[in-house]
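Colleague: Hi! Could you walk me through this one? I'd like to start with the ligand.

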Amino acid sequence: MIKLATWQNRVRRRVEGRSPRQIAALTLKTLRHAARSFSPAAARARRADQAFDRRWGTDTGGTMNLSALNVARDRALLGFGYQASNGVALTEAMAIAAVDPARFAFVDYGSGKGRVVMIAARLGFARAIGVEFAPELHTVALANADRFTAVSGAPIRCDMVLGDAGSFDPPPGPFFAYIYNSFGPVILREVLARLEQRAGAGDPVFALYVNPRHREAFEDNGCWHVLTDRGDWVLYRLAATAG
Ligand SMILES: C[S@@+](CC[C@H](N)C(=O)[O-])C[C@H]1O[C@@H](n2cnc3c(N)ncnc32)[C@H](O)[C@@H]1O
């Protein structure tokens, strides 16, 4: 009975504030997601999750809907839930951009349980920062970072920041942004606007957009050059910056 009530509450939180059309789209998305979870690709992703966590003793796997997390409703409606990426695109993009990680700060916008931040720390970025607005995921990320640093001996600390990506002020200097389809165009534009203030400052600014469903936010205003477009990820460089 208690389980049924919890389930009903979750459903209520997911549909609250949405129009019938949005609820229909959400239902379709949920059904598609359920069907995909049986696919070979999903099985491969689960194995990759397990491999990372087995190696470092961390907990970065699984998926989580924003409706089940303690985040402001208006912001949750503009974002997407948790699912970790594997960092393969990151190493490829760094090679293409000829990034010397020791000179760059790295920020994962919507960092969840922090897997990509840990990968960036291991790759040798001068700073590895994750910004996540769900306190439940942030708490897991902090524990993961402690565990990862102890086991890996990564030379730099992972900075896990609890906050909204749209109001995060990126550190100055050469900068590498990572965004794995964490949110829609509204928040994406907030993030990019803060980076665009850097144009003209001379430091290189790159952004790796994985699962790039809202490329228009990058491409509408001519501030970002496409360096590489792989379909499932795009590497951008902020115009009028070095690199
Ligand atoms: C698809 S997951 C990506 C996780 C991680 N970046 C990775 O690649 O493994 C998206 C994450 O973005 C977070 N998120 C969504 N909107 C956000 C916002 N406005 N500010 C901060 N985090 C946000 C979600 O809570 C979720 O953890």
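Modeller: Happy to! Keep in mind that this is a predicted model. A polar side-chain atom of Ser182 lies 3.5 Å from an oxygen atom of the ligand.

Colleague: And how much of the ligand does the protein bury?

Modeller: The protein buries 99% of the 600 Å² that the ligand exposes when taken alone.

Colleague: Which elements give two or more residues to the shell around the ligand?

Modeller: Those are β2 (82-83) and β6 (175-180).

Colleague: How many residues surround the ligand, and which are the closest?

Modeller: There are 23 residues around the ligand, and the closest are Ser85, Asp108, Gly110, Glu132 and Ala165. By class, the shell has twelve nonpolar, eight polar and three charged residues.

Colleague: You mentioned Ser85. What does its side chain do there, in distance terms?

Modeller: An N or O atom in the Ser85 side chain is 2.5 Å from an oxygen atom of the ligand. On the nitrogen side, a ligand nitrogen atom is 3.3 Å from an N or O atom in the side chain of Asp164.

Colleague: Nice. Changing topic: where does Arg18 lie?

Modeller: Arg18 is in the loop between α1 (2-15) and α2 (20-36).

Colleague: Why is Arg18 classed as partly exposed?

Modeller: Because its relative accessible area is 26%, and partly exposed covers the range between under 20% (buried) and over 50% (exposed).

Colleague: And what does Arg18 touch?

Modeller: Leaving out residues up to four places away in sequence, Arg18 touches Ile23, Leu26, Arg73 and Leu77. Leu77 is 59 residues from Arg18 along the chain, with their C-alpha atoms separated by 8.7 Å.

Notes:
Residues are numbered from 1 along each chain as its sequence is written. This is a predicted model: local features need pLDDT of at least 70, side-chain atom pairs count only at pLDDT 80 or more; totals for chains, interfaces and linings use all residues. Side-chain values use heavy atoms; hydrogens and water are left out. A residue is near a molecule or strand if one of its heavy atoms lies within 4 Å of it. A polar contact is a pair of N or O atoms within 3.5 Å; within protein, one must be able to donate a hydrogen and the other to accept it, and residues adjacent in sequence count only if both atoms are side-chain atoms. Accessible areas come from the Shrake-Rupley method with a 1.4 Å probe; for residues, only the protein chains shown count as cover. Helices (H or I, at least four residues) and strands (E, at least two) are DSSP runs, numbered from the N terminus. Ala, Val, Leu, Ile, Met, Phe, Trp, Tyr, Cys and Pro count as nonpolar, Asp, Glu, Lys and Arg as charged, and the others, Gly among them, as polar. Buried means under 20% relative accessible area, exposed over 50%, partly exposed in between (1.4 Å probe, protein chains only). Contact means heavy atoms within 4.5 Å.
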